[in-house]
Amino acid sequence: MNLVKSKQRVADHGEVFTPPWMVEAMLDLVKDESERIDSRFLEPACGSGNFIVQILRRKLAAVERKYGKSDFERRHYALLGLMCIYGIELLADNIAECRANVLEVFADYLQLEEADELYRAATQVLRHNLVHGDALTMRDHNGQAITFAEWGYLGKGKYQRRDFRFDTLTGASKFSEEGSLFADLGKHEIFTPVTTHPPMTVGELAALPKDCI
């Protein structure tokens, strides 16, 4: 595997890709979480998706073990696994590759065509979860504050979405520090979503305009 695209990109952005063996070794350090369908992962410099793709593969393997006998549950929990993966990437070509690579793994697992409803729903999710932006400034490429969706599966084919600002979420650790004035407060008392959306089905998610997610 080529770990750099060019010397200039290394000089300009410090861009060096993580080799597969190291990705697997690092994920094994959090093996239980990486194999849990609804565990959430954020890669703040996701590149073309080396970590995210492998996390998704592990989640899909968990879906197959638990829901492989039910096509309905397998499809919906596979989408939940995808919904729980997040990334931020500074370079436009990398984030495009990342979205394409992750979508390919998801589509291959469920044998989806581009016209399939679930394929289009997954595309919508990745457009929002994998952000073209800067994790240090916490702003997207348009200069807007990065907002992530918290997705939850309600069962019976319906999902719940709540939006949170990234800069607010990163402050969570400050409130849990020992000795903090806020240490005894529940997170629900401190953090509130920017937007709470009504429950939606795969079809409703797939039908949303591109600028609505």
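Which strands form a hairpin, and which residue in the turn has a positive phi? I looked this up before anything else. β3 and β4 form the hairpin, with 4 residues between them. Met-138 in the turn has a positive phi of about 60 degrees.

**Ground rules**

I am working from a predicted model: local features need pLDDT of at least 70, side-chain atom pairs count only at pLDDT 80 or more, and totals for chains, interfaces and linings use all residues. Residues are numbered from 1 along each chain as its sequence is written, and side-chain values use heavy atoms, with hydrogens and water left out.

**Overview**

I counted elements next. The chain has 11 helices and 8 strands. I take both as DSSP runs numbered from the N terminus: helices are H or I with at least four residues, strands are E with at least two. Then I checked burial. Of the 213 residues of the chain, 42% count as buried. Buried means under 20% relative accessible area, exposed over 50%, and partly exposed in between, with a 1.4 Å probe and protein chains only.

I also looked at contacts, meaning heavy atoms within 4.5 Å. Among the contacts with a separation of 6 or more, 66% come from residues 24 or more positions apart.

**The sheet**

I traced an open sheet of 4 strands in the order β1-β2-β3-β4, with mixed pairing. Two strands pair if DSSP finds at least two bridges between them. β1 and β4 stand at the edges with a single partner strand each, so one side of each is left without a neighbour in the sheet.

Then I followed β3, residues 130-134. This strand is mostly covered, with 4 of its 5 residues buried. On one side, β3 runs parallel to β2 (residues 85-89), joined by 3 bridges. Glu-89 stands opposite His-132 there. β3 also pairs with β4 (residues 139-140), in the antiparallel sense and over 2 bridges. Asp-134 has Arg-139 as its bridge partner in β4.

**His-132**

Is His-132 buried or exposed? I found 17% relative accessibility, so His-132 counts as buried. The residue lies in strand β3. Its side chain reaches the backbone oxygen of Leu-90 at 3.1 Å. I read that as a polar contact: N or O atoms within 3.5 Å, one able to donate a hydrogen and the other to accept it within protein, and residues adjacent in sequence counting only if both atoms are side-chain atoms. I then listed contacts of His-132, leaving aside neighbours within four places in sequence. They include Glu-89, Leu-91, Ile-95, Arg-99 and His-141.

**Glu-43**

I moved on to strand β1 (residues 41-43), where Glu-43 is found. Glu-43 is buried yet has no salt bridge. The nearest side chain of opposite charge, Arg-58, is 13 Å away. For charge, Lys and Arg count as positive and Asp and Glu as negative; His and the chain ends are not counted. What does the side chain of Glu-43 reach? I found the backbone nitrogen of Ala-45, at 3.1 Å. Beyond four places in sequence, contacts of Glu-43 include Phe-51, Tyr-86 and Ile-88.

**Salt bridges**

How many salt bridges are there? I got 10. The rule asks for a side-chain nitrogen of Lys or Arg within 4 Å of a carboxyl oxygen of Asp or Glu.

I looked at Arg-58 and Glu-24, whose closest N and O atoms are 2.7 Å apart. This pair links distant parts of the chain: Arg-58 is in helix α4 (residues 50-67) and Glu-24 in helix α2 (residues 20-28), 34 residues apart. Arg-58 is buried, at 11%. Glu-24 is partly exposed, at 28%. Asp-28 joins Glu-24 and Arg-58 in a network of salt bridges.

I noted two partners for Arg-36. Glu-33 bridges to Arg-36 with closest N and O atoms 2.7 Å apart. Asp-38 bridges to Arg-36 at 2.6 Å. Glu-33 is partly exposed at 35%, Arg-36 is partly exposed at 35%, and Asp-38 is partly exposed at 39%.

**The core**

My last entry is the largest nonpolar core, with 54 residues. Such a core is a set of buried Ala, Val, Leu, Ile, Met, Phe, Trp, Tyr and Cys residues joined through side-chain atoms within 4.5 Å. Those with the most contacts inside it include Leu-56, Leu-82 and Phe-106. I picked Leu-82 and left aside its neighbours within four places in sequence. Leu-82 is in contact with residues including Leu-56, Val-102, Phe-106 and Asn-129.
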